[in-house]
Amino acid sequence: GGMPQLALVVFGECGYIGPLDHSTEHDVSQSIPDKEVPSGLSEGIAKCSVTCPMCGNRHVQYRLNPQLYWFTDMDIDLKPTGFHCRKSLEGYYPRLYELWHCPQCHFTAHNRVFPDPLKHVYIEKGLMARRLAEFKKSNPGMVRITETLAEGMSFENTNFPQAIRQSLLEIYYQRLIIDVLNQGHDQLARGFLRLAWLFRDWKEMQPDRAEEERRLNGVLDLVSQDWPDCPRSENEALDAACKCFSLALERSKSPDPVESCGMMAHMARIRVKMGDLDAARQLLGECQRSIVTEVETISRAMTED
């Protein structure tokens, strides 16, 4: 009778919650803060001890086991569709749990990159954290935006409006990082895509969302006072994604033809989804021209003595 006992099985710093088995039980009291596991947590969810890369705050995050769910199809703009999962993740939709948010400084990023978001960037360690801290001190607007979007956020309260607020926080921080590094527009584009797909899923999966939508719009009204171009709909987020992909292409010093054509084709798909067929046709034309040019260059190189 009642709930089965749960124990933490540790893999590195993440542990999947599973039925009590003393052969696999570990003492994790030193590495994970004293925080109750949300009641009834599925065995397919990992409890992770994480250090925020921007403020050093040690806290707990949760991650869905990617081996327990999958998508079987794709929308025209490459959004995964046809969601299926194992029984242990029934009732959890992965897209709502992709981002991690620091409860102290509100830095937000995809759980794959959160622990070390600048891993592939040549930059002095700690520089970005200092820059963000300085910006926060001199810009009360940043405090208002991040505090408003982060209010009441918790794993237990996960729903579409909270995931949308987290997605906006990820975009906001990514933009600040780009201002310092002057690179990373493709990652920002993917952040906008994630936001657009959340809006689409919310519309399709929760038709009776009027009251939640009204509350979210109240939050976004406040945020827009300091962030006027804050995206507030699927189409606005899709449009912003295309603009970021364009900037990524413009600023690429030595563009890889396969990568740049892939990006242009993706932008064309997004424009088709938005119903802007002229823009899609133009992008595919550019894509074709760049392919022809590249093939001619390669052919010349191959026939040279």
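A: On a 1 Å grid over the protein atoms alone, a cavity is a set of points where a 1.4 Å probe fits but cannot get out, and a pocket is an open set with protein on both sides within 12 Å along at least five of seven lines; lining residues have an atom within 4 Å of a point. Grid points are joined across faces, edges and corners, and a volume is the space filled by probe spheres set on the points. This is a predicted model, in which local features need pLDDT of at least 70 and side-chain atom pairs count only at pLDDT 80 or more, while totals for chains, interfaces and linings use all residues. Residues are numbered from 1 along each chain as its sequence is written, and side-chain values use heavy atoms, with hydrogens and water left out.

Q: How many cavities of 30 Å³ or more does the structure hold?
A: There are two cavities of 30 Å³ or more. The largest cavity has a volume of about 50 Å³.

Q: Which residues line the largest cavity?
A: Its lining consists of Arg-95, Leu-96, Tyr-97, Glu-98, Leu-99, Ala-163, Gln-166, Ser-167, Arg-194 and Leu-198. Two or more of the lining residues come from each of α3 (160-181) and α4 (185-205), where helices (H or I, at least four residues) and strands (E, at least two) are DSSP runs, numbered from the N terminus.

Q: And by class?
A: Five are nonpolar, two polar and three charged. Here Ala, Val, Leu, Ile, Met, Phe, Trp, Tyr, Cys and Pro count as nonpolar, Asp, Glu, Lys and Arg as charged, and the others, Gly among them, as polar.

Q: What is the volume of the largest pocket?
A: The largest pocket has a volume of about 1,100 Å³. Of the 36 residues lining this pocket, His-110, Arg-112, Val-113, Gln-187 and Arg-194 are the closest to its centre. By class, the pocket lining has 18 nonpolar, eight polar and 10 charged residues.

Q: Changing topic: how do β5 and β6 run?
A: Strand β5 (residues 69-74) and strand β6 (residues 80-85) run antiparallel, joined by five bridges; two strands pair if DSSP finds at least two bridges between them. Asp-73 stands opposite Thr-81 in β6.

Q: What lies between the two strands?
A: They form a hairpin with five residues between them, and Leu-78 in the turn has a positive phi of about 75 degrees.

Q: Lastly, is Ser-49 buried or exposed?
A: Ser-49, in strand β3 (residues 45-51), counts as buried because its relative accessible area is 4%; buried means under 20%, exposed over 50%, and partly exposed in between (1.4 Å probe, protein chains only).
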